[in-house]
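Me: I have just opened this structure. Can you show me how to read it, feature by feature?

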Amino acid sequence: MSVDGVKAAIIKFLASPEPNVLCIRGDWGTGKTHTWQELARDQKSVDGGVALNEYAYVSLFGLNSIGELKVQILQNTVVKNQIGDVTTFETLESAVSSMERGLKKGIMQGLSSIFGTRTETVVSAIGLLTHKQIVCIDDIERKGAKLSNGDVLGFISYLREERRCKVVLLLNDMRLDDRKSFDAYLEKVVDINLRFDPTPEEIGRIAIPESDPVSAMVRERAVSLGINNIRVIRKISALAHELAPMLTGYSPLVTETAIRSLTMLGWSHLQPEQAPSIEFLKGFNAYSSLMSDAASNEALTKWRDPLRAYGYSYTSEFDLLLLGGIQNGYFVKAEIDGHAAHLHRTGLREHARLEMRAVWDDFIYSFTTPVGALLDRFYECFQKNAEDITLTEFLNLEKVFRQFGDARSESIVDNYIAANQLDPEAFEVSELLFEEKIPDHIAEKFLAAAVKLRPRMTPEDTLFNLAKNRFETHAQKAAAALSVDEYFSVFKTVEGKRLATIVVALGQYLKDSNPDELSTAIMDKAGAALQRIGAENALNAMRANRTGLVQRLEGKTGTVATMSQDQVFQGVSSLDPEEEIVLEAMPQPQYPDEQPVEELGERTGKQHFDGP
């Protein structure tokens, strides 16, 4: 039943004084409890909206006896005008009229004086104090192991028949133990049995009622994915509101793209039983096997078209950073800023992706559009966006032209290389997972283009590029390929702010708890070069040791420093006054405010390519 249907039944139930039992069944996180509590709170202000004067909401989570349930009902009972308020000693004191309060207090004192510490007898008698009130019992599927379904339903029947109460039972019947026994009792006890099955749109409105741009984006994307758990959507929304301010310096398309990925990855992490798995998303390629039999790959067959419709083409390196933030529960702005070049390029690539996607949709989901017209549109779109499409998109596009015998496939290759001649990442075919080999003529052209790029950068340029693109694979590979002598030369010839940018960026790798092979090679070579510099004099030893790279290298290899700390400070004491002033005033280097101008492309992680 839709939300509107359940709401109508709840309103009718609350307004009637007749003792009966209402059962509302539904999956976890779909809003059963929220809907009940919201309506009960709203109807208390409506004339005749709530027929009985007292109300109690209790959860069976972890309860192991009917006695515990009775105590919970008594402790949580309020008068109807306090429905929705947090239960306190004040609300408990005002839960009943003064006459009723005096009577119940007298009964409790009498029971205690008669039975003393015989707690079970006292608790059993507490049921006498629950009379003609509304009782909401939630989470029967999460009750303690010692409390049976039959006991709970038997007590509900007692409340209705003997205590003239109205009882509403909220549960996820798909997660019940002893379901057969429960269904047998339920038929005899429940008067109204409803299935709460809201649409994704209804769940989206319940989960995120706010109308700000970020909330609207998350709600729209959650609805399009069909996420049916309010708590999952709210957690994703909270993460999106934390992330969005970190992206304000970039194109609005960057925020839209990031929230689209965040919603998908958040769903996969928080509700893995319903969403595509994280491992599947890491290797996903939206255009995989579109012209071949994909039946052998169940996950690809199931999720490829829905993910394409959602706009999720593949998982980029930045997406993996977002996934880490989802798993940790927070994002680090420094890590976000470390993808500055990627984020800038993302805005451009998102625009290109949207244009290209419109053509792909007609290519895949039309049985009437002729291939010639589609290839013309593909070619026109490619010509306009050659610099801003990913390597995977280019390979898929080239394959279509080649498979249909269109000679423009060669032109597409040449134009792609020309448009990306300054971007080494554009030719990193090693980053792809292949089911089908890239044609030899493309591989040869890519190799030639990559070779042309290599002599363009001096060692200094290589390290400065690494400082600006610390997470980019091509920058790491180039820096790891330098020799210790080249690191030494850069450290000795570069001065001031540019040197600070390089040295501080190298030191940032020390923060990685599990550095990869490239990061390790970079730290080893930089540490060795700085160790050599530190051996020159006391001041350089102090300068080199401030980076932490020398200490790491010495701790890793077990070697002894060329100059001990005592020797360093002895040497410092022998410096002339001007050198002492310089040493004392030497600040800990920080990242410069400027961001990189260079745009060296986007690392896409392990992508999967086998053509459209």
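Reply: The buried residues of helix H9 (residues 200-207) are Glu 202, Ile 203, Gly 204, Ile 206 and Ala 207. Buried means under 20% relative accessible area, exposed means over 50%, and partly exposed lies in between, with a 1.4 Å probe and protein chains only. Helices (H or I, at least four residues) and strands (E, at least two) are DSSP runs, numbered from the N terminus.

Me: What covers the buried residues of H9?

Reply: The cover includes helix H1 (3-15), H2, H10 and helix H11 (230-243). Contact means heavy atoms within 4.5 Å.

Me: What should I know about the model itself?

Reply: It is a predicted model, in which local features need pLDDT of at least 70 and side-chain atom pairs count only at pLDDT 80 or more, while totals for chains, interfaces and linings use all residues. Residues are numbered from 1 along each chain as its sequence is written, and side-chain values use heavy atoms, with hydrogens and water left out.

Me: How many helices and strands does the chain have?

Reply: There are 30 helices and eight strands. Of the 612 residues in the chain, 50% are buried.

Me: Is Pro 213 buried or exposed?

Reply: Pro 213 counts as exposed, because its relative accessibility is 62%. Pro 213 lies in helix H10 (residues 213-225).

Me: How do I read a sheet?

Reply: Start with the general idea. Strands of a sheet pair through backbone hydrogen bonds, either parallel or antiparallel. Here, two strands pair if DSSP finds at least two bridges between them. This structure has an open sheet of six strands, in the order E3-E2-E4-E5-E1-E6, with mixed pairing. Strand E3 (77-79) and strand E6 (192-195) stand at the edges with a single partner strand each, so one side of each has no neighbour in the sheet. From one strand to the next, the twist averages 15°.

Me: Which strand does E1 run parallel to, and how many bridges join them?

Reply: Strand E1 (residues 21-25) runs parallel to strand E5 (residues 166-171), and five bridges join them. One case is Ile 24, whose bridge partner in E5 is Leu 170.

Me: Which helices pack on the sheet?

Reply: Helix H7 (residues 149-161) touches E1, strand E4 (134-138) and E5, and its direction makes about 155° with that of E5. Helix H8 (residues 179-189) touches E1, E5 and E6, at about 150° to the direction of E5. Axes are lines fitted to C-alpha atoms, for helices over the stretch in contact, and angles run from 0 to 180 degrees between N-to-C directions.

Me: What counts as an aromatic pair?

Reply: Rings of Phe, Tyr and Trp (its six-membered ring) pair if their centres lie within 6.5 Å; planes under 30 degrees apart are stacked, over 60 edge-to-face, and the rest tilted. The count here comes to 14 aromatic pairs. Trp 36 and Tyr 55 form a stacked pair, 6.5 Å centre to centre with 25° between the planes. Trp 36 is in helix H2 (residues 32-43) and Tyr 55 in strand E2 (residues 54-59), 19 residues apart. Both Trp 36 and Tyr 55 are buried.

Me: Where does Lys 166 lie?

Reply: Lys 166 lies over the face of Phe 13, at 4.1 Å from the ring centre. The rule asks for NZ of Lys or CZ of Arg within 6 Å of the ring centre and within 35 degrees of the ring normal.
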